[in-house]
2 protein chains.
Amino acid sequence: MKSIVKDLTHERILNAAESLFALHGYDGATMRQITEKAAVNLSAVNYHFDTKEKLYAETFTRIIRPLNAERLTILTQAELLAGDHPVPLPAILESFIRPTFMLAAGRPQFLALMSRNFSAPPPFMREIMAAEFSAISQRYIRALQHALPGVPPMELFWRMFYTVGALLFTAAHRETMALLSHGAIQSPDTESIIRRLVDYASAAMCAPRREPAMS
Amino acid sequence: MKSIVKDLTHERILNAAESLFALHGYDGATMRQITEKAAVNLSAVNYHFDTKEKLYAETFTRIIRPLNAERLTILTQAELLAGDHPVPLPAILESFIRPTFMLAAGRPQFLALMSRNFSAPPPFMREIMAAEFSAISQRYIRALQHALPGVPPMELFWRMFYTVGALLFTAAHRETMALLSHGAIQSPDTESIIRRLVDYASAAMCAPRREPAMS
DNA sequence: AATCGTTTCATACATTTGTTTGAGTTATGA
DNA sequence: TCATAACTCAAACAAATGTATGAAACGATT
């Protein structure tokens, strides 16, 4: 019978999968690597998750669902606090960015998996991701429209898109950055990262729209 | 003997590899898919490139080298034009962004391969990429320091990093965006993309630095 | 204690993987 | 023309892949 407490094997597999999928991608991580790292029998994955694809999907939704829930919670709080006024832009952005790094605390591969899955998702993940982000994207676009009524909605959409790109890229390379920077950059603490990203995105979101080049 | 004109097989393999590595990643694309798409014998890859890893490396350097060369060319032109003055920020950014989309014209998977290789590079690519981007990153940081003397160099480094993230994310999802946008977004033309990105990044690069949160 | 659903395990399976082989073909240069 | 280098090809290789199987061990409820 299904036990009340979470199945240990189930959890161990998910943890190993999170780390290995993040490191090597869906195709690069093998069932044997995963089960070995989880100290679990090879067949356990097929027993608990049926297929490798379903394991990957569960590994990803396990990280993305609480993340998006937390984002909406904070954004909702900010909206309540703002009352009739629009939520200030930096607050909107921070509600999106901060949970990313908070939930990643103590899980070294959390960010890498997220980033990889967005930039190079396995084909079977497309629908799943669209479903997971449908609500979120609508909520944020709406909040941004209130905060920046002067910026056309389509422009807002694109800029939020860029911001997600900046966030994910940072997430993916947080540790491997020293290489490109010739040692000038030391890995900064979480709060600095958040502040830097929010500052960057806040300025970018309300950029003036340049006139199209013309004669 | 090595013929003067480029070997046809060599080229066909690289073209097929570019498209398939972009679509499925290093592990996801198989030699058989590649040789089949190239209409070439399976062994041809090993004959011409020795191993799959070296094929991947060549596929990537073939797109990244002309790209970075073009960037430096345009940046140098802008510097000459500016004389003693610093190159204006939007010009710096455009010299970085525009060649990306120009060289991608007519090569549907150019951008996807670039993006994938940055966000989830196969392990053996790390050194190669560091080598390819060493010169570029130094040149751009210097130009940015001149254009924005008020912003600390480390801040500039990070913001340029974010900008690259925004660029690559856009590159990866240029076609698959309609999904998340609920049909509200139609794929825009190249000039619009460039202008939007430059506007976004120009505002972001010179963002004011918020005071650290304190008591 | 006996039973039955659940979970583990070692082993095996059929495919697919990148690479190798060696004979064949084509082209080049003397 | 002939010898040699460059290239192509079909076939085969060992290794690794995801998954399936069936027996054993476990655990709770009767």
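## Relation of the two chains

Copies are superposed here by least squares on the C-alpha atoms of residues with pLDDT of at least 70 in both. In this predicted model, a rotation of 180° with 0.0 Å of shift along its axis places chain A on chain B with an RMSD of 0.0 Å. That is the relation of a two-fold axis. Because 100% of the interface residues of chain A are also interface residues in chain B, the copies meet through the same surface.

## Helix H5 of chain A

Among the buried residues of H5(A) are A:Ser95, A:Phe96, A:Pro99 and A:Thr100, buried meaning under 20% relative accessible area with a 1.4 Å probe and protein chains only. Their cover includes helices H4, H6, H7, H8 and H9 of chain A.

## Thr100 in chain B

B:Thr100 lies in helix H5 of chain B and counts as buried because its relative accessibility is 0%. The side chain of B:Thr100 reaches the backbone oxygen of B:Phe96 at 3.3 Å. Leaving aside residues up to four places away in sequence, B:Thr100 touches residues including B:Leu67, B:Arg71, B:Phe110 and B:Leu167, contact being heavy atoms within 4.5 Å.

## Basis of the values

Residues are numbered from 1 along each chain as its sequence is written, and chains are lettered from A in the order in which they are written. Local features need pLDDT of at least 70 and side-chain atom pairs count only at pLDDT 80 or more, whereas totals for chains, interfaces and linings use all residues, and side-chain values use heavy atoms, with hydrogens and water left out.

Conventions
Buried < 20%, exposed > 50% of the residue type's maximum accessible area, 1.4 Å probe, protein only. Helix = DSSP H or I, 4+ residues; strand = E, 2+ residues; numbered from the N terminus. Polar contact = N/O pair within 3.5 Å; in protein donor to acceptor, adjacent residues only side chain to side chain.
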